[in-house]
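This report describes the core, the helix packing and a few individual residues of one protein. The sequence and structure come first.

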Amino acid sequence: MDRKRIYLSSPTMHGEEQKYVQEAFDTNWVAPLGPNVNAFEKEVAAYTDCGYAAALSSGTAAIHMALKMLGVGQGDKVFVSDLTFSASCNPIMYENGDPVFIDAEPDTWNMSPAALRRAFEKYPHPRAVICVHLYGTPAKLDEIMAICEEHQTPLVEDAAESLSSTYRGRHTGTFGKYGIYSFNGNKIITTSGGGMFVSAEEDAAKKVTFYATQSRDPARHYQHSEIGYNYRMSNVTAGIGRGQLLHLEEHKARKKEIYRQYKEAFEDIPEIHMNPLNPDGDANCWLSCMVIEEGCGVTPDLVMDALEGINAESRPIWKPMHLQPVFAGYDFMAHNADGSSVGEDIFNRGLCLPSDVKNTAEDMDEIIRTVKKCFRG
Ligand SMILES: *Cc1c(COP(=O)(O)O)cnc(C)c1O
């Protein structure tokens, strides 16, 4: 008999999603606008207390719109977290900007304030800073915001992975000038694909909605004074999002429990360290990750192969952006004074563990047993 697949993080539907989707069909709002889109924006804004939101076709589109709002153009420097998914920085390239990759620090695996300071010394006038909350763990926002303010540089929070995570009681995504969320299939809640731009400024959300609907000037005829984008969220997928949002806190609680179980189970294996959480925050634990102690002979590949053996999905840590062939030639600011990269070290020694909301107690036991076996033979 084939073993059931255990997923890294797959969509978890509850039923209400279909009700909202049905409503869209029943009212013929099968379009990139409509009542679900408007309601989903309001509901996410209310949940995160972000102010205003613009529902878009992806988190990547939301980052692109944030950079567009900040006027990023040819040759503008944009500081961005190095240890992340490429979608965090691809939009810089869409606007012909120059990314400067900022290393991770070891305490939260997020943007290093020390490396950020060094970046400002070398390039005093970047257009923006894009800070990621990796795997759902809030970055050191106090330090990062202070540095950004000191240099009067706007902060964009890539909270694609951290919807529902808080820092000092406030939702990630609501600290910077602009924030973005993603509802891709593997995120903590999903619309199959989608994203959101958020801001405390109503005008910003309105302008992004304008850009995202082809920048049509308010005229009867089709007139355009600015370049437009087809980035609006569909009213059908917004319906999925409304249903999912009702279960976000439940998903978060489940993911936190998965992290806790791994942490507790691996306490007696000194070669395993779980990804650190920020003590000033409450992480959604989107993905539970581990790093393996240097020189113990066990590699991430070995653990991932063992998990594949029980049909469980795992994944390497994101490969840092400064090591990506496509970004060769762009500058990188290391956390360590000797120039060595914290992110590269985490990438070399780490992996993401199955963190699916639907993992059963038996699944968790089996994953944990399999990982432990790699270390104890
Ligand atoms: C998923 C993700 C994105 C992109 O979101 P999409 O909705 O897939 O476009 C951006 N940044 C990070 C860190 C992500 O994990």
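## Trp109 and its surroundings

In this predicted model, Trp109 touches Leu83, Ala104, Leu134, Tyr135, Asn275, Pro276, Cys289, Val291, Ile317 and Ile346, leaving out residues up to four places away in sequence. Contact here means heavy atoms within 4.5 Å. Trp109 sits in the loop between strand S3 (98-102) and helix H5 (113-122). Helices (H or I, at least four residues) and strands (E, at least two) are DSSP runs, numbered from the N terminus.

The relative accessible area of Trp109 is 5%, so Trp109 is buried. Buried means under 20% relative accessible area, exposed over 50%, and partly exposed in between, with a 1.4 Å probe and protein chains only. Between the C-alpha atoms of Trp109 and Ala212, which are 103 residues apart along the chain, the separation is 32 Å.

## Basis of the values

The model is predicted: local features need pLDDT of at least 70 and side-chain atom pairs count only at pLDDT 80 or more, while totals for chains, interfaces and linings use all residues. Residues are numbered from 1 along each chain as its sequence is written, and side-chain values use heavy atoms, with hydrogens and water left out.

## The largest nonpolar core

A nonpolar core is a set of buried Ala, Val, Leu, Ile, Met, Phe, Trp, Tyr and Cys residues joined through side-chain atoms within 4.5 Å. The largest one has 35 residues, of which Phe40, Trp109, Tyr135, Phe183, Met196 and Ile317 touch the most other members. Two or more residues each come from helix H2 (35-48), strand S1 (52-56), strand S9 (195-199), helix H8 (235-245), strand S12 (289-292) and helix H11 (342-349). H2 gives the largest share, four residues.

This core lies between domain 1 (16-245) and domain 2 (248-376), because both give residues to it. Apart from this core lies another, of 32 residues, including Val78, Ala128, Tyr178 and Phe327.

## The two domains

The bounds of domain 1 (16-245) and domain 2 (248-376) come from an automatic or database domain assignment. Their C-alpha centres lie 25 Å apart. The contact between them takes 50 residues from domain 1 and 42 residues from domain 2.

## Packing of H2 and H8

H2 and H8 pack at an angle of about 35°, and their axes are 8 Å apart. Axes are lines fitted to C-alpha atoms, for helices over the stretch in contact, and angles run from 0 to 180 degrees between N-to-C directions. On the H2 side the contact is made by Pro35, Asn36, Val37, Ala39, Phe40, Glu43 and Val44, and on the H8 side by Asn235, Ala238, Gly239, Gly241, Arg242 and Leu245.

Glu249 is found in helix H9 (residues 248-265) and is partly exposed, with a relative accessible area of 44%. Leaving aside neighbours within four places in sequence, Glu249 is in contact with Tyr47 and Ser164. Ser164 itself is buried, with a relative accessible area of 1%, and lies in the loop between strand S5 (155-158) and strand S6 (166-167).

Most residues other than glycine have a negative phi. Ser164, although not a glycine, has a positive phi of about 90°. Cys285 is not a glycine either and has a positive phi of about 50°. Cys285 lies in the loop between strand S11 (281-282) and S12 and is buried, with a relative accessible area of 5%.
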